Amino acid sequence: MKIALFDDHPIILDGLKRFFSEKKGVQVVGTARDKNEVLQMLAAQPIDILVSDVITDEELGLELFEEIQAANFDTKVVVYSSLHGELVYNFLYEYGVVAIVNKMKGLDELWQVVEIAYLTSEYKKKSRGIPPPSLTPKEKEIVKYLARGMAAKEIAALTDTSINTINNQKNHLLAKFECMNGTELISKLIQMGYLKM
């Protein structure tokens, strides 16, 4: 089994490499700390499994998985991340991720999932479905101010827009991303890579 690893934290990446290198029949063929390195690895040689984080210091979110799927690499992607949330999970699956393991579960559970993904056809790449919602330039501007904790009145003054328009756009964003309040919206946008912490 040929495995590649992606995480932007060198300590985690080194730990994963040591963990998988000790497994019988596993060859760690490469590690990457940024998206371009991942795509180059996948293009350079056949890789059975990519174990990948989602949120990194670069503004990545779901973009990597979209690009992997668009390139049609014959690699199964297993996400190993502290991210959570059904909406984000659904988009990851739509972009071809075969399994998601939370980092709180530990490496033994990750290994079990990787073995199953490799040895069986239980996990299959899914075809691309509905893409995740995107942000318009105006929405990006509003979200940026919301993330700073600004009220509608302050955002309206900065954007030369009425308070009603800002409130309507915020409500539209809440519905679009299936959130109950602004805090949940900001958290979800960070998880999806649309905002940096």
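Helices (H or I, at least four residues) and strands (E, at least two) are taken here as DSSP runs, numbered from the N terminus. The model is a predicted one, in which local features need pLDDT of at least 70 and side-chain atom pairs count only at pLDDT 80 or more, whereas totals for chains, interfaces and linings use all residues. Residues are numbered from 1 along each chain as its sequence is written, and side-chain values use heavy atoms, with hydrogens and water left out.

**View 1. The loop between helix H7 and H8, with Asp160.** Asp160 is located in the loop that runs between helix H7 (152–159) and H8. Its phi is near 55 degrees, a positive value in a residue other than glycine; most residues other than glycine have a negative phi. At 74% relative accessibility Asp160 counts as exposed, where exposed means over 50% relative accessible area, buried under 20% and partly exposed in between (1.4 Å probe, protein chains only).

**View 2. The loop between helix H3 and strand S4, with Asn72.** Asn72 belongs to the loop between helix H3 (63–71) and strand S4 (76–81). Although Asn72 is not a glycine, it has a positive phi of about 60 degrees. With a relative accessibility of 62%, Asn72 counts as exposed.

**View 3. Thr165 in helix H8.** Thr165 is placed in helix H8, and its relative accessibility of 32% means that it counts as partly exposed. The side chains of Thr165 and Ser162 are joined by a polar contact of 2.8 Å; such a contact is a pair of N or O atoms within 3.5 Å, of which, within protein, one must be able to donate a hydrogen and the other to accept it, while residues adjacent in sequence count only if both atoms are side-chain atoms. Between Thr165 and Ala152, which are 13 residues apart in sequence, the C-alpha to C-alpha distance is 9.1 Å.

**View 4. The packing of helix H6 against helix H8.** The axes of helix H6 (residues 137–147) and helix H8 (residues 163–176) come within 11 Å and cross at roughly 95 degrees, the axes being lines fitted to C-alpha atoms, for helices over the stretch in contact, with angles that run from 0 to 180 degrees between N-to-C directions. H6 and H8 are therefore roughly perpendicular to each other, a description that applies to angles of 65 to 115 degrees. On the H6 side the contact (heavy atoms within 4.5 Å) is made by Lys138, Glu139, Ile142, Val143 and Leu146, and on the H8 side by Ile166, Gln169, Lys170, His172, Leu173 and Lys176. Sorted by class, these residues are five nonpolar, two polar and four charged; Ala, Val, Leu, Ile, Met, Phe, Trp, Tyr, Cys and Pro count as nonpolar, Asp, Glu, Lys and Arg as charged, and the others, Gly among them, as polar.

**View 5. The surroundings of Asp7.** Asp7 lies in the loop between strand S1 (2–6) and helix H1 (10–21), and it is buried, with a relative accessible area of 1%. The side chain of Asp7 makes a polar contact of 2.9 Å with the side chain of Lys103, and a polar atom of the Asp7 side chain lies 2.9 Å from the backbone nitrogen of His9. When residues up to four places away in sequence are not counted, Asp7 touches Ile12, Leu13, Ala32, Arg33, Asp53 and Lys103.

Notes:
Angles under 35 degrees count as roughly parallel, over 145 as roughly antiparallel, 65 to 115 as roughly perpendicular and the rest as oblique.
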